[in-house]
Amino acid sequence: LACPQLPLSVLCSLLQIDNKGNHLLVHEESSINVPAIAAAHVIKRYIAQAADELSFEVGDIVSVIDMPPKELTSWWRGKHGFQVGTSTATAVG
């Protein structure tokens with residue numbers, strides 16, 4: 001494919017491929033594409049206890065994508081790098 005009026009980055013984005021022709025694995029409904037509602041600063045190291053949990057170190061920044069009221073649960077969903085998972089609210093400030 002060649003189109004002098006269309007930059008390569010736009011064409012790759014439209015075709016959902018990277019610059020080497022590999023298909024992208026991130027889909028529209030993927031949690032990584034959910035916009036963050038807040039950012040949290042990690043104040044306590046946390047090591048994931050299950051496959052759906054996030055691990056992080058003191059000083060990391062986590063994007064929060066779902067934060068239920070504290071009265072309901074102390075767990076929330078967030079993004080750290082390219083990982084999406086749950087974590088305890090006590091690890092962030």
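The lining of the largest pocket comprises, by class, eight nonpolar, three polar and one charged residues, where Ala, Val, Leu, Ile, Met, Phe, Trp, Tyr, Cys and Pro count as nonpolar, Asp, Glu, Lys and Arg as charged, and the others, Gly among them, as polar. The model is predicted: local features need pLDDT of at least 70 and side-chain atom pairs count only at pLDDT 80 or more, whereas totals for chains, interfaces and linings use all residues. Residues are numbered from 1 along each chain as its sequence is written, and side-chain values use heavy atoms, with hydrogens and water left out.

Of the 12 residues lining the largest pocket, Met-67, Lys-70, Trp-76, Ala-89 and Val-92 lie nearest its centre. The space in this pocket is about 170 Å³, the volume being that filled by probe spheres set on grid points joined across faces, edges and corners. A pocket is an open set of points on a 1 Å grid over the protein atoms alone where a 1.4 Å probe fits, with protein on both sides within 12 Å along at least five of seven lines; lining residues have an atom within 4 Å of a point.

The chain contains one helix and four strands, in the order α-β-β-β-β from the N terminus. Helices (H or I, at least four residues) and strands (E, at least two) are DSSP runs, numbered from the N terminus. Of the 93 residues, 23% count as buried (under 20% relative accessible area; exposed is over 50%, partly exposed in between; 1.4 Å probe, protein chains only). Among contacts (heavy atoms within 4.5 Å) with a separation of 6 or more, 41% join residues 24 or more positions apart. The accessible surface (Shrake-Rupley method, 1.4 Å probe) is about 6,800 Å², with 58% belonging to carbon and sulfur atoms.

Two aromatic pairs are present. Rings of Phe, Tyr and Trp (its six-membered ring) pair if their centres lie within 6.5 Å; planes under 30 degrees apart count as stacked, over 60 as edge-to-face and the rest as tilted. The pair of Tyr-46 and Phe-56 is tilted, because the ring centres are 6.2 Å apart and the planes lie at 40°. Both residues are in the loop between strand S1 (38-41) and strand S2 (61-66), 10 residues apart. Tyr-46 is buried at 13% relative accessibility, as is Phe-56 at 2%.

Tyr-46 and Trp-75 have ring centres 6.3 Å apart and planes at 80°, so this pair is edge-to-face. Trp-75 lies in strand S3 (residues 75-80), so the pair ties the S1–S2 loop to a part 29 residues away in sequence. Trp-75 is partly exposed, at 34% relative accessibility. Tyr-46, Phe-56 and Trp-75 form one aromatic cluster.
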